[in-house]
Amino acid sequence: MELLGSRAKTASAEMARAPSSIKNKALLNLAKALRKNTAALEAANQRDLERATAAGLAGPLLDRLKLTTKIIDTVAQGCEQLAAMADVIGDIIGMKEQPSGIRVGQMRVPIGVFGMIYESRPNVTIEAASLAIKSGNACILRGGSEAIESNKALAALVQQALADADLPPDAVLLVPTTDREAVGHLIAMPQYVDVIIPRGGKGLIERISRDAKVPVIKHLDGNCHVYVDDPCDLEMAVKVADNAKTQKYSPCNASEGLLVARGVAAAFLPKIGAIYAAKGVEMRCDPEALAILSGVKNASLVAATEQDWYEEYLAPIISIKVVEGIDEAIAHINHYSSHHTDAILTRDHVHAQRFMREVDSASVMVNASTRFADGFEFGLGAEIGISTDKFHARGPVGIEGLTSLKYVVLGQGEVRA
């Protein structure tokens, strides 16, 4: 780990001064390589899947482990999107002349070296690597042992793409061992690593946050909510609430809680309940929602406990509560949510504005699915993760989240009196 840290630190200096055109060339090289090697990548991923299945890996983690043709194409598109974006490195903002004659502004610069620790999702290898390249950083990647074959295959393509663009292959380094002690070393090397970004289960992130000796950008879990307001477009509300929960169960931006205003509950809940029942979604309800949904055919209904309001299920389970209106919805979300992503479905402009202002989450949405809380969907090209911190980055962390600002002063011989 000392050797990896030293190599990454050396590479970061070269990446920081790399021209935008060269970084973009590496990204386009990588996109081509991903598409060209799809079959080989899927074969490596299949070996991981077989081993993980035999080891009894949980369903949501198995789903995250899959590297399909569609996923490979999506991360390739992310590389191309990043290449097409303006390079923010070196931008100077807020330049103002002071009474002394000096001009003071701030320049955007790379962070240096970031360490990425993640579970299951091998696509994170490419997202992290591509963002490191575009932002002029170096990175050390430590994926989960369940994805080691996939990650090795992907990292090899990244390093080749860097080399072909005359950039240091050491700018993206994969920890080659599955030994957990490697993580302990990675998070305790401030001489080499400037920030750690964990992406995985709550246990992993709590451990990293507790033991790290370098700053951490994190989110602990994704207890996301959809609030169906009174008034709302019922047809739209059903469509969005369905998508937010069932489009994919395992991501952190899938909705885990459904809040429904009392004024529309009788009309809305049977409609969404029928869809959830047909898709095998278990509904954990407060007494009022339970009574309304009791007539839904084949519905899997359970009385909610207090813990259910806090829960990130990552599974076909959702908590449902009837609330009086916007005030109770906001209070419930701010108390129980993980401050990741929450949405309101409404036709009331004032309610929408209040929800956006008052809900204390990294992403707040009006009349849209929580599943859009994603760097690619937000137009960031890719994301390194979604931060629920308030410093240094919040929400999907893209290029700017991997940079820092330093003050620059321009003078013409001024001296302080």
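**Notebook: cavities, pockets and one buried aspartate**

I began with the second largest cavity, whose lining consists of Arg 142, Gly 143, Gly 144, Ser 145, Ile 148, Asn 151, Leu 174, Val 175, Thr 177 and Thr 178. The model is a predicted one, and I read every entry here with that in mind.

I looked up the volume of this second largest cavity next, and it came to about 40 Å³. Sorted by class, its lining has six polar, three nonpolar and one charged residues.

**Other cavities**

How many cavities of 30 Å³ or more does the structure hold? I found three. The largest cavity has about 60 Å³. Its lining runs through Met 116, Ile 197, Pro 198, Arg 199, Ile 217, Lys 218, His 219, Ile 384, Gly 385, Ile 386, Ser 387 and Val 397. The largest share is from β6, with three residues. I noted the classes as well: seven nonpolar, three polar and two charged.

**Second largest pocket**

I then turned to the pockets. The second largest pocket holds about 340 Å³ of space. It is lined by 15 residues, and those closest to its centre are Glu 119, Arg 142, Gly 144, Glu 146 and Arg 180. I had already written down Arg 142 and Gly 144 as lining the second largest cavity. At least two lining residues of this pocket come from β3 (113–118), and at least two from α9.

**Largest pocket**

The largest pocket has a volume of about 1,100 Å³. I counted 42 lining residues, with Arg 121, Lys 248, Pro 251, Arg 371 and Asp 374 closest to the centre. Helices α4 (59–65), α5 (69–84) and α6 (123–135) are the elements that supply two or more residues. The largest share, five residues, belongs to α5. By class I have 16 charged, 14 polar and 12 nonpolar residues in this lining.

**Asp 221**

Last, I checked a single residue. Asp 221 sits in the loop that joins α9 (202–211) to β7 (224–228). Is Asp 221 buried or exposed? I put it down as buried, because its relative accessibility is 12% and the cut-off for buried is under 20%. I also listed its contacts beyond four places in sequence: Lys 202, Glu 312, Ser 338 and His 340.

Methods: Residues numbered from 1 in each chain as written. Predicted model: local features only at pLDDT ≥ 70, side-chain atom pairs only at ≥ 80, totals over all residues. Heavy atoms only, no water. Helix = DSSP H or I, 4+ residues; strand = E, 2+ residues; numbered from the N terminus. Buried < 20%, exposed > 50% of the residue type's maximum accessible area, 1.4 Å probe, protein only. Contact = heavy atoms within 4.5 Å. 1 Å grid on protein atoms, 1.4 Å probe; cavity = no way out; pocket = protein on both sides within 12 Å on 5 of 7 lines; lining within 4 Å. Points joined across faces, edges and corners; volume = space filled by probe spheres on them. Nonpolar A, V, L, I, M, F, W, Y, C, P; charged D, E, K, R; others polar.
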